[in-house]
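Please look through the model below with its confidence scores at hand.

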Amino acid sequence: MRSSAPSAVSHLSEASLTAAGHIELGAGCVGREITVDPGGLTISDGEHLLARWRACEIGGVIRDGYTITLQHAWEPDTIALRKFARRTDELELALRRSRADALAALMAPPGERPLAITEAVGDQPGYLYRYADGLRWVPDAGDCFTRLYAELDGAAFDEEQRALVLTGPFGEQRLGGLRRLGREVTAESERRIGAARAEFAECLDSFGLSWSNDISSGKIRPHVPFAATDQHLRDIELPAGLIDGERREYWRLLREHADPMRLVVSPGADGLRIAAICRVDSGELYELLSESDHASFVFARADDAVRAWTEVGFRREPVFADEEVDEYRALAALLPSLRAARDGLRGRVIHGEPRAWIKRHFT
């Protein structure tokens with residue numbers, strides 16, 4: 001049984017609570033005080049620390065009357081919180097927010113903060129984070145998602161179902177429970193989608209790529225793979241500096257051996273990021289052309305990796321790193337694109353002598 005939920009609200013206050021009650025940690029271990037903050041939760045018996053979970057380790061917050069059960073994100077551990085009386089509602093809210101804030105931060109570019117946080121209520125409760133670059137959704141249960149304004153086709157409000165509907169090349173998402181803020185979020189999203197598309201066109205034009213017609217038609221969007229014509233391929237070769245000098249020989253060899261080819265173009269702080277996707281013997285090669293000092297990666301489906309990259313704040317580590325990091329393990333459990341990218345990673349190839357490198361892909 002959930003507590004009676006208020007109408008959806010927007011707020012930026014962080015989780016912060018210390019409360020006393022009866023806390024069961026398993027194996028006869030009992031605590032009596034819990035502190036919840038943006039970093040996670042700590043439990044003590046009044047004198048000694050008994051447990052510490054980082055916010056990303058909170059896998060579920062399950063409410064049943066005056067009992068709250070916490071599930072670990074990837075371990076079988078659970079914690080039962082009882083006898084918190086009137087503070088049970090506050091405790092549930094603080095735990096949900098600590099978890100959601102941590103996940104949203106991992107899905108956003110490092111250092112970026114949300115402009116607004118909206119609690120969705122009803123059948124699918126959770127939190128919608130409105131950032132300058134897009135929307136990030138963290139439900140209490142189920143999969144999260146990121147939708148960048150630059151890649152979306154549009155945002156509409158479904159009057160009958162009272163839901164925000166987001167559409168674009170990565171599919172459709174529907175969010176209900178936003179109540180009176182549904183129309184506000186829809187209108188804001190529509191404005192930002194138009195602004196992002198215009199900004200992208202101006203960015204490409206500044207680099208000598210006159211692709212405004214393809215952008216206005218939706219054929220080319222930032223961070224979204226598109227089928228490249230011969231003209232597109234020639235266009236990226238002409239402006240000086242778009243293809244890194246150390247990558248030009250690799251690019252020439254790819255043009256000889258790989259066809260057809262898709263491109264991904266993304267504006268960045270240091271210029272225009274251009275990557276090529278092409279079929280190779282072991283899968284699909286993701287080759288970054290605009291920067292040196294990056295390995296080649298082969299995936300079962302490179303589009304999964306590109307999608308995942310947009311959903312983890314453009315961090316490389318969750319998608320490409322070999323080592324397992326707890327925060328990214330938590331994300332992979334909740335982001336289908338990241339799971340698909342990690343599961344579909346076929347190999348990593350360091351750039352060496354160009355002809356030896358191309359042989360590794362086409363044997």
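Arg179 is partly exposed, at a relative accessible area of 42% (buried is under 20%, exposed over 50%, partly exposed in between, with a 1.4 Å probe and protein chains only). Its phi is positive, about 55°, although Arg179 is not a glycine. Most residues other than glycine have a negative phi. Arg179 sits in the loop between strand E14 (171-175) and helix H2 (182-206); helices (H or I, at least four residues) and strands (E, at least two) are DSSP runs numbered from the N terminus.

This is a predicted model, in which local features need pLDDT of at least 70 and side-chain atom pairs count only at pLDDT 80 or more, while totals for chains, interfaces and linings use all residues. Residues are numbered from 1 along each chain as its sequence is written, and side-chain values use heavy atoms, with hydrogens and water left out.

His223 also has a positive phi, near 70°. With 8% relative accessibility, His223 counts as buried, and it lies in the loop between helix H3 (212-216) and strand E15 (226-227).

Arg315, in the loop between helix H6 (302-311) and helix H7 (317-320), is buried and has no salt bridge (a side-chain nitrogen of Lys or Arg within 4 Å of a carboxyl oxygen of Asp or Glu). The nearest side chain of opposite charge, Glu317, is 6.0 Å away. The Arg315 side chain does reach the backbone oxygen of Leu106, at 2.7 Å.

Helix H1 covers residues 88-107, and 16 of its 20 residues are buried.

Note on methods: Expected span 1.5 Å × (residues − 1). Lys, Arg positive; Asp, Glu negative; His and termini not counted. Polar contact = N/O pair within 3.5 Å; in protein donor to acceptor, adjacent residues only side chain to side chain.
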